[in-house]
Amino acid sequence: MSLYLLLIHLAGAITLLLWAVRMVRTGVERSQEHRLRRILRESKNSRLKAAGIGAGVAVLLQSSTAVAVLAAGFAGSGALTLATGLALMLGADIGSAVVVQILSVDLSWLTPVLLIAGGLCFFRGKSRETRQLGRILIGISLILLSLGLIGEATEPLRESAFLPTVVTYLQGDFLSAFLIGAAFTWLVHSSVASILLIAAFTARGLVPPELGISLMLGANLGGGLIAAGLVRRGFVAARQIALGNLLFRSIGALCALLVVNSLTLPLEWFGSEPARQVINLHLAFNFALLVICLPLTGIAAKLIERFFPDKDSDEADPLEGASSCLDQAVIGIPALALASATRELLRMAEIIERMLSPIMDIYETGDPDKIRQAKQLEAAVNQAESEIKLYLAAIDYNNEDEAKRGQELSTFAINLEYVGDAITKTLLKLAVTRREQKLSFSAEGWRELSELHHRVMANMQLALNVLISKDRESARQLLAEKDAMRAAERTSHGRHLQRLQSGSVKSMETSDIHLETVRALKTINSLFATIAYPILSESGELLDSRLTGRSKKVKA
């Protein structure tokens, strides 16, 4: 095989590995994200508990980076302290190393079984969770398949003339090998895939275990760089967590690199095979980092806050950069004017998202600054709604379809404005009432509200996708999710009554707030779903505001 074809095969196998790892992660996120967020929220009470939760969530998501992104949202809302966030990330790195351990076991015999089971769940599953389980199983099978393909693609490299030269050079320059490992991991944005690839090269004899260890330590640094890069434009609190994690990993990896290359390390302690030695050392490194750094998270948090203070919250203007997308220059061209109005609707929806996303944190903390900022944002929503209506009314439409689309956009703008009212006039007032009366939800009640809130946020994104794509399949799914939300509301109401009957004091004290919050979230969700009505009405799939039986079968 020529070098060109060999590299093509290797690149294809690596691409499949990266895609499969991402497939598993997205499957878990889509089916379990509300539960994962609830679990992460519970990590704030104990650093040791936070580390354990971080490890468990990272195993489920197959990525410590995904945990960093989830934690960033809590840090930005003030629900997660910096010290606890650092502990969470230390645990997440352990979880990522455990994932490598699991996937490195030879389970090639399981690949067809997982493919069949995953396919049945994905194509035959009736619920969202079942279809996402299918996605996860298929993703795991493709990871196993890709590792086999990498082994086959790299086999001819053992006979190549240039590889010994490269390996010899990197063995004599462990710092370059370390930086290459970090750069490659950052490039592929997956420390799990990077470590698995290094282990595969080591197993095939292409890379000596000593060189594999230097690459592995570099990959650990690269994992910290990925998280820091993803949250670099987020809240200062989120960037502080990523920075602290990066400092821990960079200092730890460099110290381990110096120790490994200055001492004769008994590699046989870590396994009988070279690949196993690299993988076990990866786990040992992250465990040692956890043991050493967990007691230091408080000190590290104080130092980071001192040198990288949070200057965001109090004086920041929540409307900064929120300029209108309505282009008066194209108002005489209906197609372009409608596109301009659609862009402004998306900007309006983004403001709504900034109001709605932190609601559960506001309920928990009653932060007056965040309440004030949300009310300021409502003014921008009202202004955008008024300007969109006037803009669409000024367009001289060429045909009935364009006029109909303009009416749809105007209606959706009005509904988004209603969402803003529901947030400020209902949800924020309830949050203030809870704070002033010093009430606490029961654990079950709080979990129900959090899950409903997450469902509404996910459906908002789906509604915006429908707004842009006008895809009938997505519109069907949006209305199916509306039905699911109605069922979830009934279930929550029934459970709440059961808690009242059982004499739960917290449920009695927060009964009105709980029920009004559920009702408001359901109303908001229904307003988002209205974007699907005109799309399904055109195809005759909407009868008396209900989906026909044929179209209720939502595909994955």
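Trainee: What does Lys389 count as, going by its relative accessibility?
Mentor: Lys389 counts as partly exposed, because its relative accessibility is 34%. Buried means under 20% relative accessible area, exposed means over 50%, and partly exposed lies in between, with a 1.4 Å probe and protein chains only.

Trainee: And what am I looking at, in terms of model and numbering?
Mentor: This is a predicted model, with residues numbered from 1 along each chain as its sequence is written. Local features need pLDDT of at least 70 and side-chain atom pairs count only at pLDDT 80 or more, while totals for chains, interfaces and linings use all residues; side-chain values use heavy atoms, leaving out hydrogens and water.

Trainee: Back to Lys389, then. Which residue does it form a salt bridge with?
Mentor: Glu385, with the closest N and O atoms 3.0 Å apart. A salt bridge here is a side-chain nitrogen of Lys or Arg within 4 Å of a carboxyl oxygen of Asp or Glu.

Trainee: Is Glu385 buried or exposed?
Mentor: Glu385 is buried, at 9% relative accessible area.

Trainee: Why would such side chains pair at all?
Mentor: Opposite charges on side chains can pair when the charged atoms come close.

Trainee: How many salt bridges are there by this rule?
Mentor: Twelve. One of them pairs Lys425 with Glu378, where the closest N and O atoms are 3.3 Å apart. Glu378 counts as buried, at 11% relative accessibility.

Trainee: What about Arg499, which Glu is its partner?
Mentor: Glu448, and the closest N and O atoms are 2.8 Å apart. Arg499 is in helix 19 (residues 472-501) and Glu448 in helix 18 (residues 443-469), so the pair links distant parts of the chain, 51 residues apart. Arg499 counts as buried at 9% relative accessibility, and Glu448 is buried with a relative accessible area of 9%.

Trainee: Which residues do shared partners join into one network?
Mentor: Glu378, Asp421 and Lys425 are joined by salt bridges that share partners.

Trainee: New topic. How many cavities of 30 Å³ or more turn up in the whole structure?
Mentor: Three. The largest cavity has a volume of about 80 Å³. Its lining comprises 15 residues, and the closest to its centre are Ser64, Asp93, Ser191, Gly223 and Arg249. On a 1 Å grid over the protein atoms alone, a cavity is a set of points where a 1.4 Å probe fits but cannot get out, and lining residues have an atom within 4 Å of a point. Grid points are joined across faces, edges and corners, and the volume is the space filled by probe spheres set on the points.

Trainee: Which helix gives the most to that lining?
Mentor: Helix 10, with five residues.

Trainee: And how do the lining residues divide by type?
Mentor: Three nonpolar, ten polar and two charged. Ala, Val, Leu, Ile, Met, Phe, Trp, Tyr, Cys and Pro count as nonpolar, Asp, Glu, Lys and Arg as charged, and the others, Gly among them, as polar.

Trainee: Gly222 is in helix 10. What does it touch beyond its neighbours within four places?
Mentor: Gly222 is in contact with Ala182, Thr185 and Trp186, contact meaning heavy atoms within 4.5 Å. Gly222 counts as buried, at 0% relative accessibility. Its C-alpha atom is 8.7 Å from that of Ser190, 32 residues apart along the chain.

Trainee: What about Glu344, buried or exposed?
Mentor: Glu344 counts as buried, at 0% relative accessibility. It is found in helix 14 (residues 334-356). Not counting residues up to four places away, it touches Ser324, Cys325, Leu326, Ala384, Glu387 and Ile388.

Trainee: Last one. How much of the chain counts as buried?
Mentor: 53% of the 556 residues. The secondary structure comes to 22 helices and two strands.

Notes: Helices (H or I, at least four residues) and strands (E, at least two) are DSSP runs, numbered from the N terminus. On a 1 Å grid over the protein atoms alone, a cavity is a set of points where a 1.4 Å probe fits but cannot get out, and a pocket is an open set with protein on both sides within 12 Å along at least five of seven lines; lining residues have an atom within 4 Å of a point.
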